[in-house]
Amino acid sequence: MKITDALFAEHVVFHNMFDHIEATAPGLKTLAEIKCLATLVEKLLEAHSYTEDKLFIGPLEHCFEQIGQRETFHQEYEQIEQNLELIQRAKQLKQARLLLLGVVLASRKHFDKEERIVFPMAEQCLSSRTLVALGHKWRAQRQLPTR
Ligand SMILES: [Fe+2]
């Protein structure tokens, strides 16, 4: 399997989780429930972006230079991380809920950009052989804890 197919499949799982959060978060009555969902998003995103950074972004570095989006991608992800931290410190349900729904929206946009820009760029810049070799690495890494 190519690394791009593997990462895309991970995105699909995220979108399912995001659908669930968007459907249920408006009805949740406690801050703890929102924080619990935020922790789930944080842990899964952490593992996904660790894999993406380690296996994918490095070999693509030279392509990013051409399109000049490297910094934007990094900043978007940092913003998502910061908002997830803010949720854990939040004292009000309403504020935490808004932040969580914001994180979901920002993550969807970030994933969409990766799918529209980064994955096709990788398929152009890297050979099929490299994409498959990175897919094998992805599989090996996903069988082990990331930390
Ligand atoms: Fe991604």
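Let's start with Val41, which touches Met17, Phe18, Ile21, Leu84 and Val103, leaving out residues up to four places away in sequence; contact here means heavy atoms within 4.5 Å. Keep in mind that this is a predicted model, where local features need pLDDT of at least 70, side-chain atom pairs count only at pLDDT 80 or more, and totals for chains, interfaces and linings use all residues. Residues are numbered from 1 along each chain as its sequence is written, and side-chain values use heavy atoms, with hydrogens and water left out.

Val41 is also one of the residues that touch the most other members of the largest nonpolar core, along with Ile21, Leu45, Leu84 and Ile87; that core has 22 residues. By nonpolar core I mean a set of buried Ala, Val, Leu, Ile, Met, Phe, Trp, Tyr and Cys residues joined through side-chain atoms within 4.5 Å. Buried is under 20% relative accessible area, exposed is over 50%, and partly exposed lies in between, with a 1.4 Å probe and protein chains only. At least two residues of this core come from each of α1 (3–24), α2 (31–67), α3 (70–89) and α4 (93–125), and α4 gives the largest share, 6 residues. The helices are DSSP runs of H or I, at least four residues, numbered from the N terminus. There is a second, separate core of 18 residues, and Phe56, Phe73, Met121 and Ala122 are among them.

Now to Glu114, in helix α4. Is Glu114 buried or exposed? Glu114 is buried, at a relative accessible area of 6%. Beyond its neighbours within four places in sequence, Glu114 is in contact with His11, His48, Glu52, Phe73, Phe119 and Pro120.

Compare that with Glu22, over in helix α1. Glu22 is partly exposed, with a relative accessible area of 33%. Its contacts, again leaving aside neighbours within four places in sequence, are Leu101, Val104 and Arg108. Glu22 and Leu101 sit 79 residues apart in sequence, yet their C-alpha atoms are 6.7 Å apart in space.

Finally, a word on confidence. pLDDT is the predictor's confidence in each residue, from 0 to 100. The protein chain averages 92, and 97% of the residues score at least 70.
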